[in-house]
Amino acid sequence: MVAHSRDARAVRSAGRLNEPRPARVEANFDGTPWQVNHQPVAVLREEWRVLDRWWTEEPVVRRYFEVVLESGENTVVFHDGAGGGWFTQRGA
Amino acid sequence: MCSCRTRVPVIACLSIPGFELKAALRRSPALALHPAALAPEPGVEPLLGPVTAAAEAAGVRPGMRLGEALATCPRLVLVDPDPAAAERAWEEIVRSLEDAGFAVEPAALGVAYFETRGVERLYGGLEPALRRALAAAGGAWDARIGAAARRFAALAAASVAKPGQALVVRDEEMGRFLAPLPLSLLPLERQRYEELEALGVRKLGQLAGLPGGAVAERLGPDGRRAWSLARGGAAARVRGRRPPAEVAESLELPEAVGNELTLRRALGALVETVLAHPERRDRFVRKVALVARLVGGGSWRRSLTLREPSADADRIRIALAPKLAELPEPVLELRVELVELTEPAGRQLELLAAGAEDRSRLREGLRQVRASTGSGSVCTVVEVAPWSRIPETRALFVPRDD
């Protein structure tokens, strides 16, 4: 059935790709992760920071880490400096 | 009242003065009783739009400069235009008139013409037909109708009629009726009005009394046309419109977007989706509209008639994209409406289209996924800001149901 253009059903909601997902991370005293979702970190491959939208009321302050876990999985986690908490994210 | 059928076609003009303001005030009806005016569009000369009766009583006039209006009435509230809401409300009124049997020719927002001859027998005469048209327009808009044998005379009658009144000007009364009316009813540039006023011409009757050749020599073709209108205008028939197509697609953005490149990508996705609508199939787009819901609560709308009807997504996107630069605020929702479509036409298909089999298999597979999981389960990934440093703002999932 074709949605009537004036019908609210014709309004589609777009979703975001690669939304951050909460992660359980244990960090060293310097803030680097040593355990991600109960799996120890084998290698810390890269670290970078993203500071954006500082001119808005919702600034983005993130410290990203690309890590290899002991299981061999390659993953990216970040610490949210604005709201607190750790997250994993694809596509970073 | 007993009315006879009219022998000459009567042209009726339905008029709703200040329609755009009334449509914008539907969001905050309490303001209708306060001094309020439609705010000027950003980027144009700061002249007021229509004003409420309270504002008029306080000395504010439509077309007044913003600064002058605020100095005259410091309590004046400026109402942001809501063109999308106005367009929708006007479309409802026109459809309601069409449902009552009138073939309507909309001239502008709040002004439409129709002939009554075809429906007079249905409603029992001219006056009952006009009353039916007023009822179709609804009581909330203060609509009024003027009717005469000529289009301009009908408009002039509507401009002096009271809310809810249908004023009929008989053919033999037309000259006397138009004579005392002001020149401002004529579609002339301000400079022309001033020129005529400097010559002592202030009423339609004074203009109509001048020799046509002299007016044309002094004021050019515009003046000649105004002179003709002042005498009632040409006896042009009303052409009922073709009802607009109802194919549209909207995209709600996760957050307000002001970046033009991001909006261009969203527009590209919307154009492709709306063209894939089954209702559009085999028809070409003649007129298209781009509508946005703004972060400040207002709306924005631009429509565009394509030079040649087209169903090419790139062509339509390229035609619409420059309009995005005119957006006054960040956008919460973007909408593309196919306002006018051509009749279905045959198309020359390729005998062996490259990859056609793969595409049809893929389409069938997606159709089955949708059938089992429901509408909205199949999405396209649309890159909206691939340069962004924040990964989740680079791309969106957009549901596809084609």
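Leaving aside neighbours within four places in sequence, which residues is B:Ala147 in contact with? Point 4 has the answer; here are some notes to read beside the structure.

1. **What you are looking at.** This is a predicted model, in which local features need pLDDT of at least 70 and side-chain atom pairs count only at pLDDT 80 or more, while totals for chains, interfaces and linings use all residues. Residues are numbered from 1 along each chain as its sequence is written, and chains are lettered from A and ligands numbered from 1 in the order in which they are written.

2. **Chain A.** Chain A has nine strands and zero helices. Helices (DSSP runs of H or I, at least four residues) and strands (runs of E, at least two) are numbered from the N terminus. Of the 92 residues in chain A, 20% are buried. Here a residue is buried if 20 or more other C-beta atoms lie within 10 Å of its own, exposed if 12 or fewer, and partly exposed in between, with C-beta atoms placed from the backbone.

3. **Chain B.** Chain B holds 14 helices and 13 strands, and 36% of its 402 residues count as buried. Take helix α12(B), residues 260-275: its 16 residues reach 22 Å from first C-alpha to last, close to the 22 Å expected at 1.5 Å a residue. That expected span is 1.5 Å times one less than the number of residues. α12(B) is mostly covered, with 13 of its 16 residues buried.

4. **The cores of chain B.** A nonpolar core is a set of buried Ala, Val, Leu, Ile, Met, Phe, Trp, Tyr and Cys residues joined through C-beta atoms within 7 Å. In the largest, which has 71 residues, B:Ala147 is among those touching the most other members, as are B:Ala12 and B:Leu97. Helix α7(B), residues 151-160, gives the most to this core, with seven residues. Now for the opening question: B:Ala147 is in contact with B:Val10, B:Ile11, B:Ala12, B:Leu126, B:Leu130, B:Ala154, B:Ala157, B:Ala166, B:Val168 and B:Val169. Two residues are in contact if their C-beta atoms, placed from the backbone, lie within 7 Å. A second, separate core of 35 residues includes B:Val247, B:Leu253, B:Val384 and B:Leu396.

5. Strands β4(B), residues 104-108, and β5(B), residues 111-115, pair in the antiparallel sense over four bridges. Strands pair if DSSP finds at least two bridges between them. B:Val104 stands opposite B:Phe114 in β5(B). Two residues lie between the strands of this hairpin, and B:Gly110 takes a positive phi near 90 degrees.

6. **Where the chains meet.** In all, 20 residues of chain A are in contact with 23 residues of chain B. β8(B) gives the most to the side of chain B that touches chain A, with eight residues. By class, that side has 14 nonpolar, two polar and seven charged residues. Ala, Val, Leu, Ile, Met, Phe, Trp, Tyr, Cys and Pro count as nonpolar, Asp, Glu, Lys and Arg as charged, and the others, Gly among them, as polar.

7. Three strands form an open antiparallel sheet in the order β2(A)-β13(B)-β12(B). β2(A) and β12(B) stand at the edges, each with a single partner strand, so one side of each is left without a neighbour in the sheet. Between the chains, β2(A) and β13(B) pair over two bridges: A:Arg16 stands opposite B:Leu396, and the bridge partner of A:Gly15 is B:Phe397.
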